[in-house]
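Please look over the sequence and the structure below before reading the report that follows.

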Amino acid sequence: MRALTRPRVLFLVAAVVQIVIVLGFVGARESLLRRGQEIVLATVPVDPRDLFRGDFVVLRYEVSSVDLCFGSAGSRIYVPLIRNGDVHAQADAERRPPAEDLTDVRSWHQGPVLRGKIESASFNPDNQRSCQVSYGIESYFVPEGTGREIEQQLGDIKIRVTVDGEGRAAIVGLVHSADPGA
Amino acid sequence: MKTDGKDDDFLERLRGEVSSWHDERIIDAATETRILSRYRVGRAPRQDEGRLNRLVLILSVAGGLLAGLGVMLTVASNWTEMARLTKVTLLLTTLLAVQGGGFWLRYRRGMPSVAAGVVLMVSLIFGGAVFLAGQAYHVPANEPYLYLLWGLGSIPIAYAAGSRPTLILSTLVLIAWYVSLLGRWDVDFISGPSTLALFALGAMILWAGETQGSAERTRPFAPVLTTTGLIVSMFLIFMLAHVEIWRGIDDPDDAASFGNEPTAFALSLGVIVVSAVTLIAAGLWRRRDSRVVVAQAVGTVGAFSFMAVMFLTTPFSDGASYAIMFNGLAVAMIVWAVVVGLWSQREAFVNTGLAFAGLLILARYLDLSFTLFDRSLVFIGGGLVLIGAAYGLERARKLLLAPGSTEPPGEEGHPA
């Protein structure tokens with residue numbers, strides 16, 4: 001058997017680093033999926049021209065549009081959610097407004113909170129500021145050739161999402177409106 | 001003499017050194033053979049063999065690229081029938097198998113050129129694994145941290161296996177990460193903050209190369225980083241020398257975006273200052289030619305400061321004035337690169353500087369000519385200008401580099 005010289009050891013260490021990175025990434029996502037609280041979010045139709053980039057569907061949710069938000073584009077935001085029928089929606093923004101700090105939100109809301117990033121801000125017809133927010137759950141990968149079917153159902157389908165105590169979210173799967181559990 | 005195979009790097013360096021002593025007629029062929037046989041090392045390839053090695057390297061790198069891209073496309077085809085963990089297991093098994101192949105070729109078969117291609121394939125498959133794992137968990141493909149994981153995971157194996165193609169790939173992936181991060185911060189692609197941030201990144205890569213050039217073990221990788229950093233920095237200035245980039249500057253709404261992103265600006269400033277201090281400290285510690293170290297620091301920090309002043313104070317109301325200023329900066333940077341290259345006797349600086357000189361001449365020629373001549377005449381003239389520029393630049397390069405002729409020893413060392 002040949003000796004493990006320094007270059008060989010370095011090569012093996014570098015190879016192990018790659019394996020550890022992949023396993024660490026998978027472990028973090030699995031942990032989020034297993035430990036997070038499961039909620040269901042309603043989707044809204046998306047402009048079909050923007051819908052496909054390769055084999056995934058671009059998703060937008062009702063909670064993608066957040067009322068009474070005061071952050072600037074690019075900044076982080078925590079959005080408190082409450083159950084509304086069979087889905088979760090933004091909590092009453094007057095009583096439980098979104099905030100840039102999780103601690104603030106936790107002081108008035110113990111339910112699920114989504115952590116997102118403000119994409120843009122505008123004023124709604126009531127002259128209140130609202131934001132478009134992304135949560136890192138806007139892509140749903142689908143088998144090749146099946147995206148159009150999902151595209152036609154957007155608005156009717158819902159997405160099952162898991163969310164942890166820090167507001168990080170991950171997609172669990174699709175919930176069709178015909179689903180009894182939906 | 002016994003080495004017990006303890007230091008492959010030493011033996012490879014020795015082989016390269018002894019070969020160059022022979023080429024420079026410091027020793028004769030018999031002495032070369034005696035020295036090498038004392039360490040039980042084979043002779044380094046001669047010029048013809050070197051050409052063959054380069055061909056092997058090109059073939060293996062092309063093969064690695066093709067096979068790696070093929071694996072990435074296969075995994076990207078989204079196997080929904082397969083459970084997530086099965087996909088991950090399959091990916092890791094593939095990655096381990098190709099890593100094993102690279103190790104076997106590099107250290108068991110002693111084929112560093114072929115191994116370089118396989119290690120490049122390892123890095124592509126590793127990137128594929130990261131992105132497929134992301135896909136399995138519905139992580140958007142434009143998430144910046146996926147690029148960061150790919151780049152950070154590829155750098156160690158590039159150094160460990162001595163694969164410069166893999167280091168180039170890793171550097172490009174990290175540049176992609178930085179660009180996607182700027183997008184995440186909602187910084188417009190062409191705006192003050194993103195330009196400063198990218199220039200700072202280029203300077204950081206350049207200085208990383210310069211710092212690595214000071215250490216014997218990392219010196220062979222230095223030209224990759226130095227050249228990449230130079231190209232990124234100079235390309236940005238070249239782009240800013242075009243009047244089209246500045247079209248929105250006289251519109252108050254657009255002008256407001258030139259300098260309104262504190263995160264990107266603060267980070268760029270931090271990167272440029274820390275890198276400058278590191279470069280100077282490493283240069284002083286290694287006792288490099290102080291005028292080269294100072295020229296490098298002054299040139300890059302000076303260009304950054306100039307750009308920062310332009311973006312933060314927006315002193316002009318028309319795009320043409322900015323274009324003129326940045327053409328001036330581009331010329332200054334070209335002169336700077338050539339002078340630093342001459343002082344430090346490195347072709348990378350001279351070649352990059354002269355290449356950008358050619359690009360700048362062509363760009364300005366096209367700017368002027370399209371409004372004056374028929375298009376066909378423009379192309380004929382452009383072709384002649386290019387050939388003339390190439391002749392002039394090649395002649396200038398030869399004249400400039402003639403006395404030393406001269407990458408420093410070791411820069412073309414053992415890594416493939």
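What percentage of the contacts in chain A with a separation of 6 or more comes from residues 24 or more positions apart? Such residues account for 63% of those contacts, a contact being heavy atoms within 4.5 Å. The model is a predicted one, in which local features need pLDDT of at least 70 and side-chain atom pairs count only at pLDDT 80 or more, while totals for chains, interfaces and linings use all residues. Residues are numbered from 1 along each chain as its sequence is written, chains are lettered from A and ligands numbered from 1 in the order in which they are written, and side-chain values use heavy atoms, with hydrogens and water left out.

**Chain A**

Chain A has three helices and 10 strands, where helices (H or I, at least four residues) and strands (E, at least two) are DSSP runs numbered from the N terminus. Along the sequence their order is α-β-β-β-β-β-α-β-β-β-α-β-β.

| Property of chain A | Value |
|---|---|
| Buried share of the 182 residues (buried: under 20% relative accessible area, 1.4 Å probe, protein chains only) | 48% |
| Accessible surface (Shrake-Rupley method, 1.4 Å probe) | about 9,100 Å² |
| Part of that surface belonging to carbon and sulfur atoms | 50% |

Within this chain, A:Ser64 is found in the loop between β2 (56-58) and β3 (65-67), and A:Ser64 counts as buried because its relative accessibility is 0%. The side chain of A:Ser64 reaches the backbone nitrogen of A:Tyr61 at 2.8 Å, and, when residues up to four places away in sequence are not counted, A:Ser64 touches A:Cys131, A:Gln132, A:Val133 and A:Tyr135.

Leaving aside neighbours within four places in sequence, B:Met307 is in contact with residues including B:Thr195, B:Phe199, B:Ile237 and B:Phe326.

The largest cavity has a volume of about 50 Å³, taken as the space filled by probe spheres set on the points. Its lining residues, which have an atom within 4 Å of a point, include B:Met234, B:Ile237, B:Met333 and B:Phe356.

Key: Buried < 20%, exposed > 50% of the residue type's maximum accessible area, 1.4 Å probe, protein only. Polar contact = N/O pair within 3.5 Å; in protein donor to acceptor, adjacent residues only side chain to side chain. 1 Å grid on protein atoms, 1.4 Å probe; cavity = no way out; pocket = protein on both sides within 12 Å on 5 of 7 lines; lining within 4 Å.
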